[in-house]
Amino acid sequence: MIRRLLVAGLARTPTHLMHDQAVVRCRDLRKTYEGNVEAVRGIDLTIYAGQCYGLLGPNGAGKTTTIEILEGLLHETSGTVEILGRTWRENPAELRESIGVSLQETRLAEKLTVRETLELFGGFYRKARPANDVLAELALTEKADAWVGKLSGGQKQRLAIATALVGYPRILFLDEPTTGLDPQSRRQVWDIVRRFQSEGGTVLLTTHYMDEAERLCDYISIVDHGTVIAAGTPPELISGVGGHHHVEFALDSETPAPPAFWRSLPGVAAVQTDDAVTALTVEEPHRTIPALLALVEQNGWRLSQLTTRQSSLEDVFVNLTGRHLREE
Amino acid sequence: MIDSTSDRQTQLAPAAIVHGRWTGYRMLLVARLKELFREPEVIFWIFMFPILLALGLGIAFRNKPPDAVRVVIAAQPGSQRVADLLRRAPEAQSLKVAVQPPAQAALNFRLGKFDVELLPQPAAVVEFVYDPARPESVLARSLADHALQAAAGTTPEVPTLSRVNSEPGSRYIDFLIPGLLGMNLMGSGMWGIGFALVEMRQRKLLKRYVATPMRRTDFLLALATSRLILMMTEIVLMLGFGVVAFHMRVVGSWMAIVLVCGLGALCFAALGLLTASRAQKIETASGIMNVVMMPMWIFSGIFFSYERFPAAVLPLIRLLPLTALNDVLRAIILEGSSLSSQAAPLAVLCAWGAVSFFFAVRFFRWT
């Protein structure tokens, strides 16, 4: 099982839930907008109960279109979508009761209070959680009687997630839940997602933050130009890059050596140069670094910079597309 | 903080709230009303503006004592006799007579300081100089003529009597208030519904709502109900203001007025729904709404009777929903007509509402 590979320490799916029970399944999903813009070009996804599934990709990759089709807000051009074993066409009312949605950038009514907003959304469900309970869970109790317009960005986002949680959802859909938030607010959102998951919920989220996907998601599909270009658990994806480590250095020499020159060092899988900085993808830094230092010494050069880091999903994306995730 | 609450949660696990069929509708209605009353601009445009307008126009067109007619006599032989005659005439209190040198008298008449100029001629003839394009000049000529004849002792061939009547019901303000009520119902229906919807669409709030189990009919029903509730306050304010400030008399039944206003409010709410059914931006929607409302502001007889327009276009004007609403309101409020006697304009109103609603629901875009 894929899940077994995951970092221990976080409360994951309770064991009584069957891990192989698919709650979201879509096959060959396509969406063509008027004017022949192909936003989604054949995406397959299977999300299992209790999983936190991430769609990672740059802006415009088709993440929002995909998640909105799964939420039943857009119609697919072709392909099949099944949520909890049902389809949007046949059981829309029932499905609406079982999912919670937070759209990318919903601006809730500014002149209602936080509690009023939550009670309004709760009122749409046959069974709703008491507003105070949700407010306490999302650390919004102090702001319960404040107008929504007066909230900070992080508080607004937590309220948006609260409106998704108020109806006891089995699946939570979050479209870019932390975009534009400060680091502390992002961590609060992550805690909310983990808690929901620890209580047995399933999460599908989209993000263009690789660190978010890496820390939060059990399984990731990397989406680019409307297709999934790679999928797997974060460790699987990262080990697919080749080396697990990166050694980056700069020399104070006028004439840098060509990339091929560094290739001869032991354990180097790839070499990239970016201005003055040379980046080596390596399997075992403890073998490569002493050899690198010796080579520099031999040639009478001096290092002006030397850092090492582990491979990240960013490297996976760069490796697959030649672009950075957040290229403007 | 988050940790402590999660402890509490596992200990207490609060019970779920089970909602009935109409909870969503009730919540939407309450939220809508709260939002409206927390928006100071809304309160101003819906409630204060029409009253200020009625007050301003009511004062401008209030029934004043009739203006005295201003007569100038050119100072030449015979002018003293003419002045004496006018002073002795029964209409003397309606005449303001001045005697000025001929050149100055001519100039002042031309400048509009006097309504008519009298030139005494030889053989006791009085020549009137007046401008037929100025209604007050025509009136002044005829009044001065009559005054001279009466003062000279001429007996009229047909004896006549006159009586003053400026009772409430026939004044401009009586005509105006039902028109303003109609205009208000149109404005707040179109803006109140259309604006709110486009704003919610722009904020992606409509999309967020349809991502929940909310019934779409409940949403529209709540909007319509909020309109009817506001409408009641509009009626009470406008007519109450007319009654209190201008001693207006409401002749017809209040029940009929409320029914007609309700119909009007719903008709314009449907029209607002239609104009806002697809627009993504407030700017687009307000452009469309102005285009829709402009002809009715001009043609539907809010401030003056639409009968002044050429007879050929009157049937078209009567087909406008605001014309129909204003006609029915005036008939009931000023003449005490029954609802059944107003079948034709009521049918026009219903048709507009039904057709607008049909197409609005058909074209409506939630996302």
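Let us begin with a sheet in chain A: four strands form an open sheet in the order 12-13-11-14, with antiparallel pairing. Here, strands are DSSP runs of E of at least two residues, helices are runs of H or I of at least four, and both are numbered from the N terminus; two strands pair if DSSP finds at least two bridges between them. Strand 12 (268–274) and strand 14 (303–310) of chain A each have a single partner strand, so one side of each has no neighbour in the sheet. On average, neighbouring strands are turned by 20 degrees against each other, direction ignored.

This is a predicted model, in which local features need pLDDT of at least 70 and side-chain atom pairs count only at pLDDT 80 or more, while totals for chains, interfaces and linings use all residues. Residues are numbered from 1 along each chain as its sequence is written, and chains are lettered from A and ligands numbered from 1 in the order in which they are written.

Back in the sheet, strand 11 (residues 245–251) of chain A runs antiparallel to strand 14 of chain A, and seven bridges join them.

Now look at helix 6 (residues 183–198) of chain A, where A:D191 has its place.

For the complex, the predictor gives an ipTM of 0.83 and a pTM of 0.77.

Methods:
Axes fitted to C-alpha atoms, helices over the stretch in contact; angles between N-to-C directions.
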